[in-house]
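The following report describes how the parts of a model are arranged. It is meant to be read beside the sequence and the structure.

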Protein chains: 2
Amino acid sequence: MSSSVGIVTAQRATFDTPLTFKSGAVLPRYELMYETYGTLNADKSNAILICHALSGHHHVAGYYADDTKNIGWWDNMVGPGKPIDTLKFFVIGLNNLGGCHGSTGPSSIDPATGKPYGSSFPVITVEDWVNAQARLADQLGIQRFAAIVGGSLGGMQAMQWALAYPDRVAHVLAIATAPHLTAQNIAFNDVARSAILTDPEFHGGDFYQHGVVPTRGLRLARMLGHITYLSDDAMADKFGRELRHGKLNFSYDIEFQIESYLRYQGDKFAAYFDANTYLLMTKALDYFDPARELDGDLNRAFAAAKAKFLVVSFTTDWRFSPARSHEIVHALLHNRRDVSYAEVTSDHGHDSFLMEDAQYIAVMRNYLNNVFEEVSA
Amino acid sequence: MSSSVGIVTAQRATFDTPLTFKSGAVLPRYELMYETYGTLNADKSNAILICHALSGHHHVAGYYADDTKNIGWWDNMVGPGKPIDTLKFFVIGLNNLGGCHGSTGPSSIDPATGKPYGSSFPVITVEDWVNAQARLADQLGIQRFAAIVGGSLGGMQAMQWALAYPDRVAHVLAIATAPHLTAQNIAFNDVARSAILTDPEFHGGDFYQHGVVPTRGLRLARMLGHITYLSDDAMADKFGRELRHGKLNFSYDIEFQIESYLRYQGDKFAAYFDANTYLLMTKALDYFDPARELDGDLNRAFAAAKAKFLVVSFTTDWRFSPARSHEIVHALLHNRRDVSYAEVTSDHGHDSFLMEDAQYIAVMRNYLNNVFEEVSA
């Protein structure tokens, strides 16, 4: 029997020690929004960190007292009796640095200028995020995570934990992810970024002072993103060639249902998401490549990892295909690491990692049951 | 031994009989730019029509006396001794109605107003194009084509010829095409169109009067298009994760070579192509669906066809995958039509249909040799 974690409260952690980014930029001070669910045990060994993907945030599960319809983005996975069981684990969700959900990001006020950071916010990497997350763990007194879990860009963070802090994570759950983006992945990101960068209302990233928002660019970026999140088959099943108004209108208004869906998703996203954060997130995706400085040798990159891994992919995910997960698995096996791999049959493309799929849920539940047995041993 | 058709001259055909579009709109008068190569035989039985794809035009082969570097877009396929052999066939290339290479289109002056048609140019369909092409054939005295050939959107026109004018085409060569777009195909088109439609310099399609061009939107549309023309593998082989400047720059300038390529392609295209034509072409793609009014039954749609078919697909074409060609082949076989099918192993994705691939060239050559034997019999 599973239920919701119920009412949750977001918290804010402040960090006054400067953080040096991979780029060399330094942020003197920053804040991270986070939420926790469940109870940290006496020896602080039952903590799970959830790393979010492109448009995610700290609100992973439950709802707010004053906004009960605002349910966490992974509420089907995290809660009492759910695979990431809050009766067993102390679960942390955070909004990454550079985000637009309360953590310090481009839309935050830079104390040095009294204006939003905008274009002056440093380009961030997965490595930088993980360093910031490690400091949050320090504040919470968590020396070592029972597990770090993430899908897509979140999976990259989970992997990076194993590489950068091998003694601080027992298990990595890397879902629907890849050891680096392909040229095609980067190409999609570049089109999305170009849509934002060339929007006249972007103003080089400093649109806040102009009282405008590059809505057009952000909307296009999100529309394009959605195509890559869904499988060709899922789109065909869900929308096919169904017309919005039952007949052809021979105009540039919405003609097919798929257009209606995409434009709705684009409009919804552009109304709340920060354009600079979107740019940062896609850049972090592009840059992640632990093998870059090792002649592209992923085996060498994963030599540093000590964690046990669960790698999960989805058959119709063409953004991060199963073949990309195989690369991770092979590199881990090469290093004789303990790795489980599940290739889940799902119609939902990359979005599958957020979906309620029985096989996927069972894989996660079983793996995390074993993690808990280790913690309890 | 094969060579170029050499110096060619574009011609202009004028049509003073009003053309009624599928939408119900009427164009009172229009012009079509075309080129011909080779010689029409005495009984006018050796004519081949080349239908162009999204950004194509009438300049299929050869070059111009005053612009010798401007070589036709299918010069590797059309010429003396080439698969579409101009020593044997009389070959016609035209710029479709609505185009931006000399045929009447949105950027042409509407005689009724003295201004460019712009937003008043009718939304056009593959059926409309084929009707306009049939009138061009009438003017040239060609009752029946030996073959009609097209790739991608051009393949849709070639198929439509067999359905609308079954007695006027002996052979259809439908290459890298589909019986209709999928939801995913439409989705990509919709993002491309949205980029143009929301460009502040589009001015609802009447940007000509404002002395501006929606370059930003057109550039994004083309960048996105290019991703879908290439295969994931081809992009990986050609660009991989290679950096433009050898090291990461942590900025939104070009970082990876793939970004450089895409932006270059986008800029080049936006400098010459008409935004309204781009919109029309993508709409024609979306709308083509000969089975729409037959409960989606492609078998019934192809019952009208009398032509013999060559259907060609390419293994890495994910925009119009081999599975889409199979649908065409199955519908033809269901109707006991004469159909040859070739699935060419190629790394170049959808773009393969424009490439010099030995297997592809051989298939085309052999098929057209047989067509010529029929013509000569």
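Chain A is superposed on chain B by a rotation of 180° with 0.0 Å of shift along the axis, at an RMSD of 0.0 Å. This is the relation of a two-fold axis. The superposition of copies is by least squares on the C-alpha atoms of residues with pLDDT of at least 70 in both. Of the interface residues of chain A, 100% are also interface residues in chain B, so the copies meet through the same surface; contact here means heavy atoms within 4.5 Å.

The model is predicted, so local features need pLDDT of at least 70 and side-chain atom pairs count only at pLDDT 80 or more, whereas totals for chains, interfaces and linings use all residues; side-chain values use heavy atoms, with hydrogens and water left out. Residues are numbered from 1 along each chain as its sequence is written, and chains are lettered from A and ligands numbered from 1 in the order in which they are written.

**Helix 2 of chain A**

Helices (DSSP runs of H or I, at least four residues) and strands (runs of E, at least two) are numbered from the N terminus. Helix 2 of chain A, residues 153-164, has twelve residues and spans 16 Å from its first C-alpha to its last, close to the expected 16 Å; the expected span is 1.5 Å times one less than the number of residues. Eleven of the twelve residues of helix 2 are buried, among them A:L153, A:M156, A:W161 and A:L163. Buried means under 20% relative accessible area, exposed over 50%, and partly exposed in between, with a 1.4 Å probe and protein chains only.

**Aromatic rings and charges**

Over all chains, the structure holds 40 aromatic pairs. Rings of Phe, Tyr and Trp (its six-membered ring) pair if their centres lie within 6.5 Å; planes under 30 degrees apart count as stacked, over 60 as edge-to-face and the rest as tilted.

| Pair | Centre to centre | Angle of planes | Class |
|---|---|---|---|
| B:F21 and B:F121 | 6.5 Å | 90° | edge-to-face |
| B:F269 and B:Y278 | 5.6 Å | 75° | edge-to-face |

The pair of B:F21 and B:F121 links distant parts of the chain, 100 residues apart. B:F21 is in the loop between strand 2 (19-20) and strand 3 (26-27) of chain B, and B:F121 is in the loop between strand 10 (115-116) and helix 1 (126-139) of chain B. Both B:F21 and B:F121 are buried. B:F269 is buried at a relative accessible area of 2%, and B:Y278 is buried at 3%.

B:R222 also lies over the face of B:F269, at 4.0 Å from the ring centre. In chain A, the charged end of A:R168 sits over the ring of A:Y165, 6.0 Å from its centre. A charge sits over a ring if NZ of Lys or CZ of Arg is within 6 Å of the ring centre and within 35 degrees of the ring normal. Ring pairs also link A:F188, A:W318, B:F188 and B:W318 into a cluster.

**Nonpolar core**

The largest nonpolar core has 261 residues, of which A:L97, A:F309, B:L97 and B:F309 touch the most other members. Such a core is a set of buried Ala, Val, Leu, Ile, Met, Phe, Trp, Tyr and Cys residues joined through side-chain atoms within 4.5 Å. Not counting residues up to four places away in sequence, A:L97 touches residues including A:F21, A:F121 and A:W129.
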